[in-house]
Amino acid sequence: KGKGKGKGGSWVDAKKAVWVGNVPEGTTYQEVLELAKSVSNEVKWAEVFKGTAAIGMASPEAVASTVTALNGAMLGTQAIVTDAWSKKN
């Protein structure tokens with residue numbers, strides 16, 4: 001299992017990341033990565049936290065389309081919410 005380094009996601013390039021909320025407990029980064037890759041070929045990585053996740057994209061332009069495509073998508077038994085990454089997330 002991957003462990004994030006740093007505090008508050010400071011290692012995330014905010015311009016190239018998607019924030020994911022309402023992530024079901026027990027979800028793996030592989031499941032998030034697979035879902036993200038189903039809507040974009042610019043997905044680079046995924047990381048899961050408690051109830052949330054982050055998806056890294058190849059370009060800032062890919063973030064908006066991925067946010068739109070994944071918002072409301074089913075991950076396990078829950079509909080996820082997505083947004084562009086920001087320090088508040």
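Author: Let us begin with a term: a residue is called buried if its relative accessible area is under 20%, and exposed if that area is over 50%. Please also keep in mind that this is a predicted model.

Reader: Fine. What share of the chain's residues count as buried?
Author: Of the 89 residues of the chain, 38% count as buried.

Reader: And which helices and strands are there, in what pattern?
Author: The chain has two helices and six strands. Along the sequence they follow the pattern β-α-β-β-α-β-β-β.

Reader: How do the strands in the sheet line up?
Author: Four strands make an open sheet, in the order 2-3-1-6, and their pairing is antiparallel. Strand 2 (43–48) and strand 6 (81–84) are the edge strands, each pairing on one side only. On average, neighbouring strands of this sheet are turned by 20 degrees against each other, direction ignored.

Reader: What holds paired strands together in general?
Author: Strands of a sheet pair through backbone hydrogen bonds, either parallel or antiparallel.

Reader: Back to this one, then. How many bridges link strand 1 and strand 3?
Author: Strand 1 (residues 17–21) and strand 3 (residues 52–57) pair over five bridges, in the antiparallel sense. Ala17 has Gly56 of strand 3 as its bridge partner, while Gly21 is partnered by Thr52 of that strand.

Reader: And how many between strand 2 and strand 3?
Author: Five bridges join strand 2 to strand 3, and the two run antiparallel. In strand 3, Ile55 is the bridge partner of Ala46, and Ala53 is that of Val48. The hairpin of these two strands has three residues between them, and Gly51 there takes a positive phi near 80 degrees.

Reader: Which residue has a positive phi although it is not a glycine?
Author: That is Asn22, with a phi of about 65 degrees. Asn22 sits in the loop between strand 1 and helix 1. With a relative accessibility of 40%, Asn22 counts as partly exposed, because this value falls between the 20% and 50% limits.

Reader: How many residues of strand 3 are buried?
Author: Five of the six residues of strand 3 are buried, so this strand is largely enclosed by the rest of the structure.

Reader: Where do the helices lie?
Author: Helix 1 (residues 29–37) lies across strand 2 and strand 3, and runs at about 145 degrees to strand 2. Helix 2 (residues 60–70) lies across strand 1, strand 3 and strand 6, and its angle to strand 6 is about 165 degrees.

Reader: Which residues of helix 1 are buried?
Author: Val32, Leu33, Leu35 and Ala36 are buried in helix 1. Seen down the helix axis, the buried residues fall within an arc of 165 degrees, so they line one face of helix 1. Among the elements that cover them are strand 2, strand 3, helix 2 and strand 4 (74–75).

Reader: New topic. Where do nonpolar side chains tend to be?
Author: In soluble globular proteins, nonpolar side chains tend to be buried together.

Reader: How many residues are in the largest nonpolar core here?
Author: The largest nonpolar core has 19 residues, and those with the most contacts inside it are Val18, Val20, Ile55, Met57, Leu70 and Ile80. Strand 1, helix 1, strand 2, strand 3 and helix 2 each give two or more residues to this core. There is also a second, separate core of five residues, which includes Ala17, Trp19, Ala54 and Trp85.

Reader: What does Val20 touch?
Author: Leaving out residues up to four places away in sequence, Val20 touches Gly51, Thr52, Ala53, Ile55, Ile80, Val81 and Thr82.

Conventions:
Residues are numbered from 1 along each chain as its sequence is written. This is a predicted model: local features need pLDDT of at least 70, side-chain atom pairs count only at pLDDT 80 or more; totals for chains, interfaces and linings use all residues. Side-chain values use heavy atoms; hydrogens and water are left out. Two strands pair if DSSP finds at least two bridges between them. Axes are lines fitted to C-alpha atoms, for helices over the stretch in contact, and angles run from 0 to 180 degrees between N-to-C directions. Contact means heavy atoms within 4.5 Å. A nonpolar core is a set of buried Ala, Val, Leu, Ile, Met, Phe, Trp, Tyr and Cys residues joined through side-chain atoms within 4.5 Å. Buried means under 20% relative accessible area, exposed over 50%, partly exposed in between (1.4 Å probe, protein chains only). The arc is that of the directions from the helix axis to the C-beta atoms.
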